[in-house]
Amino acid sequence: MMIVGLTGGIGSGKSTVANIFKELGVAVYIADDEAKKIMNTDRGVKDKVMFLLGDEAYVNNELNRPYIANIVFNNVAKLKQLNEIVHPAVANHFDSWKNKQSGNYVIKEAAILFENKGYEQCDYTILVSAPEEIRIQRVLKRDKGSSINDIKSRMNNQWSDEKKIPMADFVINNEYLEKTKDQVCEIHKKISSREPYNSNLSFC
């Protein structure tokens, strides 16, 4: 089974694109969501996170996301150390999940697919792109309480689209939903054509 990596900067619309693939019957693994679950439930991971960031990393046994974000998005070394704790656990969980899926390929959605070299385990990669101003406005609308400075700080911890585009097999311009759907359909057909595929393409 092929692994197709899906990535994009904050506010680019990765989740929107992932949901379109789901509508086409493709199994999708959201690495960031699974990472949060693992950080909340895996005792070994929790101990390492608290050792790195302090006991305040958890409140009432739940991940203290604002506290952690304030540290790691302003400290590159801490962010790297946190990723070194969480990413191996997520990789193991993904392998177990993938083995239970059917179809020609699965989507693995990850925010820093290129930055952490996760693309090396993928057969294809898809980059979701959008202009920075649109991305900022999307995040302001989605994450109540975020400031433009907070968002730009998070953006600065991700590679620019200009750096990622040459590394991607497919690039989706996600400014307008209808055009995005057309692009996803085209990519789906191209990837599916590599092997025999039976699917009801509901809107392609």
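1. The second largest pocket has a volume of about 200 Å³, where a pocket is an open set of points on a 1 Å grid over the protein atoms alone, at which a 1.4 Å probe fits, with protein on both sides within 12 Å along at least five of seven lines, and a volume is the space filled by probe spheres set on the points. This is a predicted model, in which local features need pLDDT of at least 70 and side-chain atom pairs count only at pLDDT 80 or more, while totals for chains, interfaces and linings use all residues. Residues are numbered from 1 along each chain, and side-chain values use heavy atoms, without hydrogens and water.

2. Among the residues that line this second largest pocket are R135, K152, M155 and W159, lining residues being those with an atom within 4 Å of a point. Helices α6, α7 and α8 (161–164) each supply at least two residues of the lining, helices being DSSP runs of H or I with at least four residues, and strands runs of E with at least two.

3. In helix α7 (residues 148–155), I151, S153 and M155 are buried, that is, under 20% relative accessible area with a 1.4 Å probe and protein chains only. The buried residues of α7 pack against α6 (132–142), contact meaning heavy atoms within 4.5 Å.

4. Five strands form an open sheet in the order β2-β5-β1-β6-β7, with parallel pairing, where two strands pair if DSSP finds at least two bridges between them. Because β2 (28–30) and β7 (170–173) stand at the edges with a single partner strand each, one side of each is left without a neighbour in the sheet.

Definitions and conventions:
Buried < 20%, exposed > 50% of the residue type's maximum accessible area, 1.4 Å probe, protein only.
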